[in-house]
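The following paragraphs lead the reader through one protein chain, from its overall composition to individual pairs of residues. Please keep the sequence and the structure in view while reading.

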Amino acid sequence: MNLTKRLLMSLALVLPVTTAAQSISQSQIEQFKTMPRAQQEALASQYGVDLDSITGSVSPQNQRPQNVSVVEPVDAISDEERERARKEAQTNEEQDRKNGGLKPYGYDLFVGSPTTFAPVTEIPVPNNYTLGPGDVLRVQLWGKENQQLELPVSRDGTISFPQSGPQTVAGLTFDQARQQIKKRVSEQYIGVQASVSLGELRSMRVFVLGEARNAGSYTVSSLSTITNALYVSGGIKRTGSLRKIQHKRDGKLIGELDLYDLLLAGDTSNDNRLQPGDVIFIPPVGDRVGIEGEVYRPALYELKNGTNLQELVNLAGGLTPQAYPQLVRIERNNDDFLRIVAEANLTTAKGKQAAVRPGDRIEVASISDITGQYVEVKGAATRPGRYAWVPGMRVSSVIRSLDNDLLREADKRYAAIVRTDPDADTVSVINLRLREALNNPGGGNDILLQEKDQFLIFADEGKVNARKRDQNDSARKVSSSGNGTDRLKNGATSEDGDRDYGRFSREALFAPVLQRLKAQAKPGAPQQTIQVTGPVRYPGEYPLPASRQVADAIYVAGGLKDSASLYTAELARFGVDEQGTGKTNIQNLNLKAVMEGQVSVSLQSRDRLLIKSIPEFARAKTIELNGEVRYPGQYTIRNGETLRDVIQRAGGLTENAFPEGAVFTREKLRQLEAQRLQEAEERLQGDLLGIQLEGDDIGGQGAERTQQVEDLLEDVQSARPVGRMVINLADVIGSDEYQPIRLQDGDRLTIPLIPQSVSVFGEVQFPTSHLHTEGLTVDEYLERSGGPTRQADEDRVYVVKADGSVMLPEKSRWFGGRSQQLAPGDTIIVPIDVDRLNQLELWSNVSQIVYQMALGAAAVGNL
């Protein structure tokens, strides 16, 4: 505390007097700064000292300039700058597309520039470093006196030793200043030695101008070089030169930096250190030339001082092992501003010295595009691609294992070899029995290969579909159990689960081959293609087998399905008659004899082979019997079988059966009813639109009619077709004179229990069902339902019997007439009065359709 008091008293005495400021050491001030803030304020208040003058600037001339953050953090970038960066990226992408995907070389160096700039200080300082205001010298004294001093270089270029006075160091190199300080300490302090090092370095302001991404003035470390300043400014635009970056001082060019030297050779000899006020100027980019193909770094390169072809290749990293140096294509502009193509040979001195012009686009060819010496595997193979060819190579030399070299979904029975004739430049297809070739290496099926042969390995669609079904079942199980749902949503599948096997189908792999075969056809050499249709595994168009045998053509198409008929097939052949007119001949084949080799049939160009199916093969037609039959269930029916026959097979009806109410439905009738409902809905929507366009009238009847049509439209939309056909089941079973009902696939018969009710539907006050009472008439049942509503059409009341037939009661007075007695299961329908709804007959028809379907559905649902 006594030391602090003495310090504050000394500060209080000397702070107003600038000439005495040097009597207070820097170490004493730093000791005061380490105190807690509250203690500093209390002591300063006690002795009347300005605290800011102590903790702030004791001596303005000795204060080191503060570092300035020159690049804002990412989260501080404004929306305007983000939009500018987005537009710049979009412009670069468009430019890359114009250049065929080639990007200018070297600009990626500045991708990911630092988000903040901190001067580099943790590096050794060179002896020739020039001191200036803002630098801090650290002097350690030891011997008779031990002391650590930090001496900042003031603005007048001096440092102040305690009890010794100022010493000028600005403009001296670090080594010179170190020697002078050591000499002064040895002379003025007996028995004391000194060690001098640099502490914090000064900052300085430089200018980065021209095609910089963020041109302007920047504060950088005194050790910064040209490349440091380029990073601070965000790098160089694509419109700026990487090879002629100018370093200027006081308006004079003192150096030029070629970044290609740094990028390609790591040469930083021209990366000069900057001084305050230096200018880095980035001129526009020079002439560029593009190179692609078999080089390691395809890109656009900036030319400098005349570049030949070999130098350009060296800039691009050199040739790859797959390069063909004898053929280098050069695309350039001629004097008439037209694009021309020239060639050069890099194996000759003339080719290497070929001049490269601005705007050239150079492509180095590949060996695989020029020479043979390879065979290629395509399709459902584990390792597709090109393999080296040597004389004597066979199929088993490339495909060694069906399990390891082919995908699990591959067709392991058949493959194709596409062979190119080097003399005629035509292709042909050789069919390969793959499994037999690998089971007997060196045998007849293990074919000798030639240069540029292509293996086509096809996918087995049966395996692919089975795999997909297994994956779907697994996904459903996992989803239902709740385990692994997130994993499936994140796109995780089993091995090869997302592979597109459609690319390996016969159709996809054979497509380019068929196009080639059709393109090379000419008179005397017709196109070598055929078509196979019918019940084969892969019907379609195929190359004509070299054997021209029908059995081989069927083998290529995947073989016969079990539904194929072996007794007959058709071969359609196109030819030309004697008059030169095209004609088609049809030839019937005994397929079994042809497949067994008993009959020889040779295929020709464009033949169409039709494999016929066995009639009614594996087509199971069924009828479903429900309700009161002895043995209900789904029965398979034969051709021509009747409903009576099936009921007898089912053991007949039970004692509680009500044949009069049997509901017989047919799928074709249901489809017809669905069509009628759709047509009715469309017409009702049209009528509703017409009523709405007419608007409301004085009595408000328009709104009422609109509501009624909307209700009817809603009934139509909610109605479900049933497909009921009215039959008299009792006569079907017991009468030989009743027309037999020939069954169709999908028929359904439902026989209810003996009913006890009569239903009333339609425009009545309370639509419901009533217990059947012997002797009650239609009018009496209507009265029990509250009578008709205001919209009812009393003259068109009808009764739907339990068997689906319709009875029209006799017309008479409302009360006392219509004396027909009803049977259990009957339904009374009171339709809507359409005469009062603008005479729309359609509404009446639609109402009847809806009621009939509702009755059928209700009859089935009540069983």
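How many helices and how many strands are there in the chain? The chain contains 24 helices and 35 strands. The model is a predicted one. Of the 863 residues of the chain, 39% count as buried. The accessible surface of the chain comes to about 47300 Å², and 47% of this surface belongs to carbon and sulfur atoms. Among contacts between residues at least 6 apart in sequence, 63% join residues at least 24 apart.

Strands of a sheet pair through backbone hydrogen bonds, either parallel or antiparallel. Strand β3 (residues 158-161) runs antiparallel to strand β4 (residues 165-168), and 4 bridges join them. Within this pair, S160 has P166 in β4 as its bridge partner. The hairpin of β3 and β4 has 3 residues between the strands, and Q163 takes a positive phi near 60° there.

Another hairpin is formed by β8 and β9, with 2 residues between them. In its turn, D250 has a positive phi of about 55°. Strand β8 (residues 245-249) pairs with strand β9 (residues 252-257) in the antiparallel sense over 5 bridges, and Q246 has E256 in β9 as its bridge partner. Strand β8 also pairs with strand β10 (residues 279-282), again in the antiparallel sense, over 3 bridges. Here H247 stands opposite I280 in β10.

D258 forms a salt bridge with R243, and the closest N and O atoms are 3.2 Å apart. The pair links distant parts of the chain, 15 residues apart: D258 lies in the loop between β9 and α8 (259-265), whereas R243 lies in the loop between α7 (226-232) and β8. Both D258 and R243 are buried.

In which order do the strands of the open sheet of 5 strands follow one another? The order is β17-β16-β20-β18-β19, and the pairing is mixed. The edge strands, β17 (385-388) and β19 (426-433), each pair on one side only. On average, neighbouring strands of this sheet are turned by 25° against each other, direction ignored. Within the sheet, strand β18 (residues 410-421) and strand β20 (residues 454-459) pair in the antiparallel sense over 5 bridges, and A415 stands opposite I457 in β20. Helix α16 (residues 506-519) packs on the sheet, where it touches β16 (374-379), β18, β19 and β20. The direction of α16 makes about 140° with that of β20.

R516 belongs to helix α16 and D425 to the loop between β18 and β19, 91 residues apart. Is R516 buried or exposed, or does it lie in between? R516 counts as partly exposed because its relative accessibility is 32%. D421, found in strand β18, is likewise partly exposed, with a relative accessible area of 33%. A polar atom of the side chain of D421 lies 3.1 Å from the backbone nitrogen of D423.

Finally, the side chains of D747 and R666 meet in a salt bridge at 2.8 Å, N to O. D747 lies in strand β30 (residues 747-751) and R666 in the loop between β28 (663-665) and α20 (667-694), 81 residues apart. D747 has a relative accessible area of 2% and is therefore buried. R666, at 11% relative accessibility, counts as buried.

Technical notes: Residues are numbered from 1 along each chain as its sequence is written. This is a predicted model: local features need pLDDT of at least 70, side-chain atom pairs count only at pLDDT 80 or more; totals for chains, interfaces and linings use all residues. Side-chain values use heavy atoms; hydrogens and water are left out. Two strands pair if DSSP finds at least two bridges between them. Axes are lines fitted to C-alpha atoms, for helices over the stretch in contact, and angles run from 0 to 180 degrees between N-to-C directions. Contact means heavy atoms within 4.5 Å. Buried means under 20% relative accessible area, exposed over 50%, partly exposed in between (1.4 Å probe, protein chains only). Accessible areas come from the Shrake-Rupley method with a 1.4 Å probe; for residues, only the protein chains shown count as cover. A polar contact is a pair of N or O atoms within 3.5 Å; within protein, one must be able to donate a hydrogen and the other to accept it, and residues adjacent in sequence count only if both atoms are side-chain atoms. A salt bridge is a side-chain nitrogen of Lys or Arg within 4 Å of a carboxyl oxygen of Asp or Glu.
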